Amino acid sequence: MQIDVIVAGAGIWGCTVARVLAEAGRKILVLERRAAVGGNVRCETDENGIEIHTYGSHIFHTHLDNVWDFVNRFITFNGYQHKVLARHEGKTYFLPLGLTLVNQFYGIDLKPAELPAFIAQEAQKGLKDPNGCKNGEALNFEEQAISFIGEPLYRAFIREYTRKQWGTDPKNLPASIIKRLPVRASYDINYYSDYRQGIPLTGYNSLFDRLLDHPGITVECNRPFDLETVGQLGLPEGTPVFYSGPIDALFDYRFGALPWRSLRFERETLDLADFQGTSVMNYTGADVPFTRIHEFKHFHPEDKDLMARPKTLICREYPKTWEPGDEPYYAVDTAESRALLERYRAEVAKVPGLVVGGRLGEYRYYDMDQSVGRGLDAAGAFLA
Ligand code: UDP
């Protein structure tokens, strides 16, 4: 079998790279450590026909034209628009930090033009240094959050959730994490700012099956990759390899393991058509140990039969510290982890033909569209 390129890891980045290179005429061997392709976007279907996002809820959303066009060649989206609700002291709120939440929480009736001044006034009360930065230092998570929304909202919706999610006081976390959350001076309760979003009508697995369905692509599952693999396959040194497993694992953790947060999911099938009326409900308090409950059938509102069926599957999400054997989910961004990452990157640069990408390879949180985009870029750079 002719092999021009190895793609090690069949997540969203690897499958994108494989497809683009195959369409350019290369023969691709895809090696996947797990029993099935799709990485953490892989789904299962339960006995009631509900698509379960095995590794937590995934909603495709993007503002990138090339990504949207590329993905739509393979699947059709159902038009689902993601909304997140949050429980706080026995009440349910719409989470995006905006007019809906502020007016509901404070019991007031601000207009859009009045919100910025109100928030600025609230933020002023909570921040010890009203100018934000202390001695030119970057804001930490807590300072950033208070400057965005003020202390009462921070305490109600962010502080305890974040402590559960990251296992540390929010003061120890970087501001970048909270910058992922939209803050809007409107009643727009869409969780994402991208109007192009949805769930594949035929399910996420069909995206991967179709991406890899090309005569130039051969897929082998249950095949872990390491630096010996190229030689074992009888391929010359320098054969192009696109690797998207953990970067530290590729070098046998020789400088130590990069820290991750992991998650544990607890599923329950209920004899109910609808448990919570929405796909994701956040639990923002310290009174329960989980951060959110996913109810997957709500991702397919177009399937009226499924919605009406008197069964639903819910999944409680419990964050935990990553230990060997756990799935890595969120890179823990600290000065130490960044320095460790740089040491591993220097090792990558020494291996001819090796390109490392994806969430695990780059040790970065990526939304699905960003992974597709980076895969398109990596394949484009290779072909240029
Ligand atoms: N967050 C929070 N309360 C919430 C939702 C999010 O404090 O109800 C914070 C938390 O620190 C989290 C970050 O915002 O890590 C980003 O949230 P997002 O929903 O983007 O996280 P993801 O769904 O990617 O885990």
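Modeller: Let's start with Tyr 330: one of its polar side-chain atoms lies 2.3 Å from an oxygen atom of the ligand. That's a polar contact, meaning a pair of N or O atoms within 3.5 Å. Asn 282 has one too, with a polar side-chain atom 2.8 Å from a ligand oxygen. The protein covers 94% of the 530 Å² of accessible area that the ligand has on its own (areas come from the Shrake-Rupley method with a 1.4 Å probe).

Before going on, a word on what you're looking at: this is a predicted model, where local features need pLDDT of at least 70, side-chain atom pairs count only at pLDDT 80 or more, and totals for chains, interfaces and linings use all residues. Residues are numbered from 1 along each chain as its sequence is written, and side-chain values use heavy atoms, with hydrogens and water left out.

Now the whole shell: 17 residues surround the ligand, each with a heavy atom within 4 Å of it. Among the closest are Thr 162, Tyr 191 and Tyr 365. By type, the shell splits into 11 nonpolar, 4 polar and 2 charged residues (Tyr and Phe count as nonpolar, and Gly as polar). Helix H6, residues 151-166, gives the largest share, 6 residues; a helix here is a DSSP run (H or I) of at least four residues.

Note on methods
A polar contact is a pair of N or O atoms within 3.5 Å; within protein, one must be able to donate a hydrogen and the other to accept it, and residues adjacent in sequence count only if both atoms are side-chain atoms. Helices (H or I, at least four residues) and strands (E, at least two) are DSSP runs, numbered from the N terminus.
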